[in-house]
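Hi,

Here is the structure I promised to pass on.

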Amino acid sequence: MNSQQHQFEILVVGAGPAGMAAACAAAEAGKKVAVLDNAPWLGGQIWRGEQAQPTSAAAQRWLQRLRKSGAQVFANATAFAAPAPRRLLAETPSGVLELTWQKLILATGARELFLPFPGWTLPGVLGPGGLHAMSKAGWPVAGKRVVVAGTGPLLLAVADRLKQHGAQVSLVVEQTPLAKVMRFGLGLWRHPSKLCQGVGVKSRLLGVPYRCGCWPVKAEGTGRVQQVTLTDGTRTWTEDCDYFACGFHLVPNVELPLLVGCALSAGAVSVNEFQETTVADVLCAGEPTGIGGAECALVEGQIAGLTAAGLTGESRALFSHRAGWHSFRAALSKAFCLRPELRQLTTPDTVVCRCEDVRRDTIEGFANWRAAKLHTRCGMGTCQGRTCGAAAQFLFGWENVSVRSPVFPVRVGALISAETTNNNLTTPTLRV
Ligand SMILES: Cc1cc2nc3c(=O)[nH]c(=O)nc-3n(C[C@H](O)[C@H](O)[C@H](O)COP(=O)(O)OP(=O)(O)OC[C@H]3O[C@@H](n4cnc5c(N)ncnc54)[C@H](O)[C@@H]3O)c2cc1C
């Protein structure tokens with residue numbers, strides 16, 4: 001495999017709203033900037049597909065601004081190892097990039113939180129964001145009966161989009177009690193853009209029941225999901241469906257920040273007011289620092305980019321704007337915190353680690369995540385614990401803060417080529 005070396009003053013990992021904003025701010029300040037993303041598109045989760053078919057004005061604006069900024073873009077580039085200080089390796093389809101940087105901005109976003117319940121591994125049970133992403137990429141959902149469940153505003157946003165793609169969304173089930181959801185909704189007057197979005201979504205979902213204080217019990221079907229059982233804690237009932245889109249909000253992607261040594265606080269990357277992490281010259285912006293939505297990610301990204309470029313005055317000027325979005329972020333996490341009943345969804349034979357087929361009764365006796373991994377292989381499959389690690393943290397209270405390279409599965413050729421160009425590369429774990 002080829003290996004190419006590049007040097008940048010500022011390297012940004014992740015080209016979602018936070019990474020794009022950071023790259024624009026830094027490149028417009030005259031710095032030599034690169035931004036890389038493991039996806040083939042720019043825009044991260046929320047703006048995926050916007051490059052080809054723009055539908056959002058904000059996405060258009062930021063994509064154009066990035067194009068004009070002079071920042072170099074590497075798409076399909078997965079940062080997987082940090083073999084030495086100020087050096088990162090990324091796998092691309094044509095080889096390995098060896099990137100050296102003076103300032104690093106980590107904008108690696110978040111992923112959906114999945115909690116196991118009986119039947120959650122059946123085909124047709126997906127995360128709401130995942131089903132939305134698939135439908136955006138052309139997966140046919142028209143005419144399909146979809147039940148959306150879990151927690152957070154993403155449920156309604158996804159139900160709305162699926163309905164626009166022709167799906168028959170029969171029900172949206174939110175685990176947060178109605179009173180808390182109402183309180184969150186009433187507080188949106190402080191964030192008029194979110195209020196407008198919420199009103200628009202709710203009006204387009206007229207006729208689709210939104211039941212709060214309910215959660216899934218099990219999914220069943222022959223070969224794929226055909227019905228789901230739901231409960232409000234006292235009553236259970238079933239709904240027929242072709243897809244069950246179930247996700248419990250998002251968890252920050254902190255693996256790369258951990259690999260370069262950043263400290264965490266409450267599961268998110270710790271940053272100071274300038275978005276600087278605990279590691280010198282490493283900044284972090286967007287959802288690795290907490291789940292706050294695209295607007296919060298954009299302003300954090302700009303602050304990180306300006307700070308990295310040395311424009312701390314300009315960066316400081318954005319603090320009050322960010323404070324508004326941080327209050328939204330706090331309200332979001334308060335309103336949609338997970339109810340304890342969700343810890344009881346699994347039965348002893350429920351698979352918790354779906355990559356390695358490890359059941360709850362196989363892992364629950366261990367003292368911590370590390371011991372469970374060593375004895376049962378849970379968390380050692382393709383997703384490398386990204387799914388079951390977060391679930392086990394919620395179910396058993398296990399912390400999972402140890403990572404090693406490669407943080408994403410990469411081809412053996414990438415590891416070999418990285419090894420030959422880098423005598424200092426920590427020997428990675430090969431899975432064959
Ligand atoms: C599946 C999903 C669907 C969502 N759908 C919606 C929606 O419909 N509406 C809505 O309002 N919000 C949605 N959100 C939330 C929204 O995406 C976020 O609020 C917003 O995008 C946060 O921006 P960000 O830049 O912090 O992260 P992201 O947009 O997640 O961007 C992070 C980027 O970093 C890349 N990355 C991560 N690690 C690496 C690595 N090691 N190497 C290279 N690249 C890397 C990722 O591929 C991603 O493109 C969704 C979130 C998820 C997870």
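In which sense do β8 and strand β15 pair, and over how many bridges? β8 and β15 (residues 243-248) pair in the parallel sense, over two bridges. Before going further: this is a predicted model, where local features need pLDDT of at least 70, side-chain atom pairs count only at pLDDT 80 or more, and totals for chains, interfaces and linings use all residues. Residues are numbered from 1 along each chain as its sequence is written.

Helices (H or I, at least four residues) and strands (E, at least two) are DSSP runs, numbered from the N terminus, and strands pair if DSSP finds at least two bridges between them.

First, the sheet. Five strands form an open sheet in the order β8-β15-β9-β10-β11, with parallel pairing. β8 (125-126) and β11 (210-212) are the edge strands with a single partner each, so one side of each has no neighbour in the sheet. Valine 125 has phenylalanine 244 in β15 as its bridge partner.

Now the helices. The axes of α8 (residues 294-308) and α10 (residues 319-335) come within 9 Å and cross at roughly 140°; axes are lines fitted to C-alpha atoms over the stretch in contact, with angles from 0 to 180 degrees between N-to-C directions. Residues are in contact if their C-beta atoms, placed from the backbone, lie within 7 Å. Among the residues making this contact are Val299 and Ile303 of α8, and Trp325 and Phe328 of α10.

Best wishes

Methods: Contact = placed C-beta atoms within 7 Å.
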